[in-house]
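Trainee: Could you take me through this model slowly, giving me the general idea behind each feature before we look at the case at hand?

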Amino acid sequence: MKIAFEKLMTPNSEIVRNLNKWANDPLLVPLIRRSRNKADLEAQVLVTVDSLTKRLEHNFVYLIYVNDSCVGEMSFQIDSGLLHKKEPGTAWVGLSIGEAFARGKGLGMKAMDYLEKQIYDQGLRRIELGVFVFNTPAHNLYKKLGYQEIARNEAFTYWQGKMWPNICMEKYLK
């Protein structure tokens with residue numbers, strides 16, 4: 001399995017098509033997007049070249065490839081409003097393996113290792129992220145990578161007819 005990571009510089013229709021597919025996949029939506037109710041959970045999201053270009057103004061986005069096929073994306077932003085601890089110089093990260101065939105093969109670990117290096121190279125030494133409590137594979141990955149739980153936001157996201165907590169995690173890079 002040949003794995004590659006590429007910083008997104010210029011969005012195009014093929015990338016947008018992949019992001020729209022993943023952002024609206026009913027199996028992925030509960031894992032990657034906060035929903036306040038059933039309508040949010042079922043809502044379709046539309047990514048456009050313009051909206052992705054605007055996202056790049058405040059986010060570092062990297063595409064994940066397996067055997068030359070785009071299978072996911074990861075990103076970070078500096079001092080995001082999403083941070084639990086408002087510690088300056090913190091990266092808020094997100095990771096999504098969009099293609100089912102690429103999950104469960106260690107790709108998330110490799111992607112996070114790569115992303116942590118990019119963050120470190122930007123001069124940042126702290127990372128924070130959120131993971132929904134029912135996303136056990138992601139939660140286990142982050143724990144294995146050394147992330148520590150710092151808070152829980154109860155009743156944060158809707159799934160399977162009820163509200164679930166979000167786990168806030170952090171890691172200091174050395």
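**Exposure and backbone angles**

Mentor: Gln160 is exposed, with a relative accessible area of 57%, where exposed means over 50% relative accessible area, buried means under 20%, and partly exposed covers what lies in between, all with a 1.4 Å probe and protein chains only. Keep in mind that this is a predicted model, in which local features need pLDDT of at least 70 and side-chain atom pairs count only at pLDDT 80 or more, while totals for chains, interfaces and linings use all residues. Residues are numbered from 1 along each chain as its sequence is written, and side-chain values use heavy atoms, with hydrogens and water left out.

Trainee: Where does Gln160 lie, and what is its phi?

Mentor: Gln160 sits in the loop between β6 (148-159) and β7, and its phi is near 50°, a positive value in a residue other than glycine. Asp79 likewise has a positive phi, near 55°, without being a glycine; Asp79 belongs to the loop between β3 (69-78) and β4 and is partly exposed, at a relative accessible area of 39%.

Trainee: How many helices and strands does the protein have, and in what order do they run?

Mentor: Helices (H or I, at least four residues) and strands (E, at least two) are DSSP runs, numbered from the N terminus. By that reading the protein has six helices and seven strands, which follow one another as β-α-α-α-α-β-β-β-α-β-α-β-β. The radius of gyration is 16 Å, close to the 16 Å that the globule rule gives for 174 residues, so the protein is as compact as a globular protein of that length; the radius is taken over C-alpha atoms, and the rule is 2.2 Å times the number of residues to the power 0.38.

Trainee: What share of the residues is buried, and what share of the contacts joins residues at least 24 apart?

Mentor: Buried residues account for 47% of the 174. A contact means heavy atoms within 4.5 Å, and among contacts between residues at least 6 apart in sequence, 63% join residues at least 24 apart.

Trainee: Which residues of helix α6 are buried, and which are exposed?

Mentor: In α6 (residues 136-144), the buried residues are Ala138, His139, Leu141 and Tyr142. Seen down the helix axis, these buried residues fall within an arc of 160°, so they line one face of α6, the arc being that of the directions from the axis to the C-beta atoms. The face turned away from the buried side carries the exposed residues Pro137 and Lys144, and the cover over the buried residues includes β4 (90-97), α5 (107-121), β5 (126-132) and β7 (162-172). Just after the helix, Gly146 takes a positive phi of about 100°.

Trainee: What does His139 touch?

Mentor: His139, which counts as buried at 12% relative accessibility, touches Val131, Ile167 and Met169, leaving aside residues up to four places away in sequence.
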